Structures are given as C-alpha cells and as structure tokens.
Amino acid sequence: MSRLKVLLASSEVYGFAKVGGLGDVAYALPKALRSIGVDARIIAPMHRKKGRKVGTINVKLGKRDVQAEIYLSRVNSVPLYLVGGGGYFPRDRVYGYEDDFERYLFFSKAIVEFLRRYNFWKPNILHLNDWHTGLTAAYVKSEGLPIKTLFTIHNLGYQGDVDTSKLNLLNLKEDITDLIIHNNRINPMKAGIVLSDAVNTVSVKYSKEIQTSEFGFGLDSVLREIKDKLYGIINGIDYSVWNPIRDPYIYRKYSTKTLERKEENKKMLSSEMKIKPSDRPLIGIVSRLTHQKGIDVFLEAIEEFLEDRTVSLVLLGTGEGYIENKAKAICDEFSDVVGISIKYDEVLAHKIYAGSDMFAVPSRYEPCGLTQMIAMRYGSVPIVRNTGGLSDTVIDPNENKNCARGFKFESLDVEAIKKALSRAIDVYENDREYWKILQLNGMRADFSWRGSARKYLALYKRLLSS
Ligand code: ADP
C-alpha cells in the first residue's frame with residue numbers, strides 16, 4: 001500500500017492556540033505519526049495569520065455564503081492548513097463566544113470543502129477531535145466522501161450542543177439531522193460519535209467510564225450502542241518539550257543521575273513564588289481551574305497541612321471565579337507557604353514541574369491527563385484521583401510496591417485526599433530511599449508518543465481494511 005495519509009482536524013494546536021491537552025495532542029501526535037512513516041498533516045482554525053495563502057473556498061451556512069481562506073503553515077515540522085475567514089477565529093480567546101457553534105460549524109464545513117476541492121493531497125483517514133469537528137463526520141457521510149473517519153473524544157463534558165433554532169444553518173438532510181439531535185438539541189459531539197467509522201477516547205479506563213451514567217454526560221447510552229467501534233488509546237507527552245535534561249525554561253537542568261539538582265529548582269521556585277524555602281514537601285498544581293479538576297475539594301483537604309506548615313503549595317491556573325477566589329483566600333491566609341499565579345504561563349508551568357516534590361491532580365473525571373505524566377517525567381510524584389487516564393498512568397505502592405510512581409485516592413472527598421497526602425508525606429519524610437525510587441520510576445516510565453502513535457496507526461489500518 002502507498003503511504004498512509006492522515007488529516008488531523010483540531011480546534012487547538014500548541015504554538016497557535018492552546019487551552020488544554022487537545023492542543024498538546026494535535027501538536028505532538030502528527031509528528032510522532034510521521035516518524036513511523038505516516039504522511040500526517042493538520043487542519044486547524046486560523047487564530048492569527050500565518051503561512052502562505054493556498055486558496056479560498058466557499059462555505060454555506062444556511063442561506064449565507066462565507067469565504068474561507070486556506071493558509072499553509074508548519075508546526076513541529078508538520079504541514080498545517082489553517083482555516084480563516086468570516087471573522088470567526090482571530091479573537092482574544094479560543095472559546096467562550098456566543099457564536100461558538102457557528103464558528104466551529106464553519107470550520108467543520110470548511111474541512112469537508114477542503115477535502116472535496118483540493119486534489120493535490122488526498123488523505124485516506126480524517127482524524128476528528130472533540131465536538132468542534134464532530135459535525136464534519138455528518139458531512140463526510142452525507143456527501144459520501146471516500147475517506148474513513150476516526151473521532152477522538154478528549155473530553156465528553158464539552159459537547160457544543162445548541163437549541164434547534166440553529167438547524168437552518170446546517171444544510172443537512174433530515175435522516176442525518178435526526179441522528180445528531182440529543183434531548184432536543186443539536187449535539188456535535190453526538191454527531192462525531194454516531195457518524196464516524198470509529199471512535200476512541202484518550203485512555204482505556206475513560207473509554208469504559210463514559211459508558212456509565214456517572215461519567216457519560218447524558219451520552220452513555222449512545223456510547224454503549226457503539227461500543228464495538230469504541231477504543232481507548234492513551235496520549236503521550238512530547239519529549240522534545242518536556243525533558244528536564246534539556247528544558248530551557250527551568251532554573252537548573254537535571255536527569256535521573258543528577259536528581260539532587262532538582263532541589264535547586266525547588267529553592268528558586270519558592271523564591272519566585274515568594275514562599276519560604278523549606279525541607280518540607282512542595283506540592284505543585286498546574287491546571288485549568290474548572291469544576292472537572294476537583295481543585296476546590298483539594299484546597300479544602302490541604303488546609304490542615306498548610307496550617308501545620310507540613311507542606312507548601314504552588315498553584316498555577318485560571319478558570320472559574322469561585323475556584324480562583326478559593327485559591328486566593330488560601331494564599332492570603334498562608335502566604336508563607338502558598339504561592340499562586342492566576343494566569344496561563346507556559347514558562348512557569350515548566351518551573352513548577354521541575355521545582356515541586358509532589359504534584360496534585362484531584363480530578364472529578366480525567367479523560368487522559370497530561371500533567372501527571374509531565375510531573376512524573378520531572379521527578380515530581382503525582383497524587384491523583386483513581387479515574388480515567390490518571391488511573392492508567394499512575395501506579396500506587398498498594399498496587400505494586402516496586403513499580404509504584406505515585407499515590408491514588410478513590411473518591412473525591414476531603415478525607416480520602418488527606419489520607420493520600422499523609423501517605424505521600426510519610427514516605428517523603430521517613431523513607432527517602434523509597435521516595436527516590438518513586439521519582440525514578442516516574443522519570444523512567446515511557447510516556448512518549450511513539451507507542452501511542454503505533455496504536456493509532458493500527459487503528460487507521462483497521463479502518464481502511466474494514
Ligand atoms: P486539560 O486538557 O483538561 O486542560 P491536560 O492535563 O490534558 O488537561 O492538559 C493540560 C495542559 O495544559 C498541560 O500541558 C498543562 O501544563 C497545561 N496548562 C494547564 N493550565 C495551565 C496554565 N495556567 N499555564 C500553563 N500551562 C497550563
């Protein structure tokens with residue numbers, strides 16, 4: 001067979017627009033695929049003009065015609081097609097606008113027009129990601145395009161659903177429209193799930209969890225129905241970005257052999273965040289501050305430890321006001337041991353991974369989670385809720401003493417978190433030798449994209465032979 005061609009469609013690509021893990025995946029996976037022989041390229045919205053214009057296409061939104069401009073750029077050595085036009089994307093934020101549905105409908109339709117109109121490169125696989133490109137699957141099906149579609153769910157909590165008054169924008173036949181309505185609303189996430197040739201989520205555990213009412217966000221029955229075409233493939237992290245040996249952003253580079261240098265990163269981080277340097281464990285958090293992430297409960301649980309000055313805490317994140325306020329209040333109360341930064345800051349994120357001893361990810365649900373993997377790569381021992389990708393990537397001493405690389409707790413409640421924290425602190429304070437084993441196990445674990453890219457390749461091939 002000639003070289004497999006894959007077009008990966010994503011609303012975010014690190015370096016162009018990133019809000020969370022989706023941006024990291026769209027940046028890293030195509031490159032990893034190319035390194036194993038796949039001609040992978042990316043298509044994404046154009047948040048700012050970059051590259052060279054390769055054409056314009058007409059996109060129909062209801063009765064309106066909107067011109068889409070296609071630019072060709074490159075990211076991480078991968079060709080990147082950018083879709084601009086209509087004033088939809090060059091805005092301050094990536095998401096959170098009244099017309100988000102229309103913006104991504106425009107993008108979804110532009111992808112299909114791009115496939116129809118551009119003959120110089122014909123992909124065999126269209127790899128769609130999250131609700132923003134879910135409707136693309138509907139147009140590929142309704143137009144009978146000769147391409148197989150894979151739809152990856154990165155977060156089922158965001159479905160992009162809107163009321164049916166927007167139906168007139170879709171220009172879809174009734175039989176297909178019926179399939180994408182859920183609870184009387186147009187649901188792009190459902191469109192991706194039911195109309196793609198295969199579906200996957202970003203960890204095996206999450207692929208099972210979303211078939212239950214607890215994690216299904218109302219789509220669990222839909223997912224149970226398609227379970228024969230539902231897979232789980234864990235994300236990787238990009239080792240060219242996340243590597244303490246070569247990281248230009250951290251205070252002092254280190255490796256498994258020079259782990260003691262991590263201590264300097266801790267000192268410098270403490271000073272930058274204006275907290276007292278301490279021999280006690282420093283806990284790091286880098287997170288969107290949304291309900292999903294469970295930071296609100298974690299902050300309650302850690303209060304007692306902060307009061308006793310048993311630990312210190314450095315938190316970087318932005319998001320919902322009530323969580324930001326809670327973080328600010330704790331910082332005001334325990335200012336000598338708590339440093340927070342309410343913003344998005346790539347460089348500081350690197351410094352926190354390098355400078356923290358422990359890293360907390362107390363998510364209510366977590367499809368994959370990258371931060372715990374990055375933390376482990378930097379020898380920061382994760383304390384995580386036993387859910388989704390956190391469950392698949394962290395090993396607790398109670399599961400396997402020799403291979404352990406973090407601590408897990410089951411339910412998201414204050415007592416369970418306190419117990420996990422106490423277990424971690426106990427090892428840190430009383431058994432430094434074992435603590436180092438936990439660190440080294442994490443640093444040596446393979447979270448690279450290579451293995452995951454191979455799994456995607458196997459899935460693409462399976463689709464093409466079906
Ligand atoms: P999600 O996609 O749900 O936000 P992930 O763990 O999959 O969570 O990915 C989060 C990514 O975003 C990581 O690369 C993390 O370092 C980064 N990140 C999150 N918040 C911030 C922030 N405030 N500043 C810098 N990077 C952040």
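This is a predicted model: local features need pLDDT of at least 70, side-chain atom pairs count only at pLDDT 80 or more; totals for chains, interfaces and linings use all residues.

Residues are numbered from 1 along each chain as its sequence is written, and side-chain values use heavy atoms, with hydrogens and water left out.

Stop 1: Now select the contact: 21 residues come from domain 1 and 20 residues from domain 2, with contact meaning heavy atoms within 4.5 Å. About 1,500 Å² is buried between domain 1 and domain 2, 57% of it on carbon and sulfur atoms. That area is the accessible area (1.4 Å probe) that two parts lose on being put together, summed over both.

**Stop 2: a salt bridge.** How many salt bridges are there between domain 1 and domain 2? The count is 1. Next, show the side chains of Lys18 and Glu346, which form a salt bridge at 4.0 Å, N to O (a side-chain nitrogen of Lys or Arg within 4 Å of a carboxyl oxygen of Asp or Glu).

**Stop 3: Val13.** Head for the loop between strand 1 (5-9) and helix 1 (21-35), where you'll find Val13. Helices (H or I, at least four residues) and strands (E, at least two) are DSSP runs, numbered from the N terminus. Is Val13 buried or exposed? Buried, because its relative accessible area is 2%; the cut-offs are under 20% for buried, over 50% for exposed and partly exposed in between (1.4 Å probe, protein chains only). Leaving out residues up to four places away in sequence, Val13 touches several others, including Lys18, Tyr27 and Leu80. Draw a C-alpha distance from Val13 to Leu80 and you get 9.5 Å, for 67 residues of chain between them.

**Stop 4: strand 14.** Select residues 312-319: 6 of the 8 residues in strand 14 are buried. Strand 13 (282-289) runs parallel to strand 14 over 8 bridges, with Arg288 opposite Thr318; pairing takes at least two DSSP bridges. Strand 15 (338-341) is also parallel to strand 14, joined by 4 bridges, and there Val314 partners Gly339.
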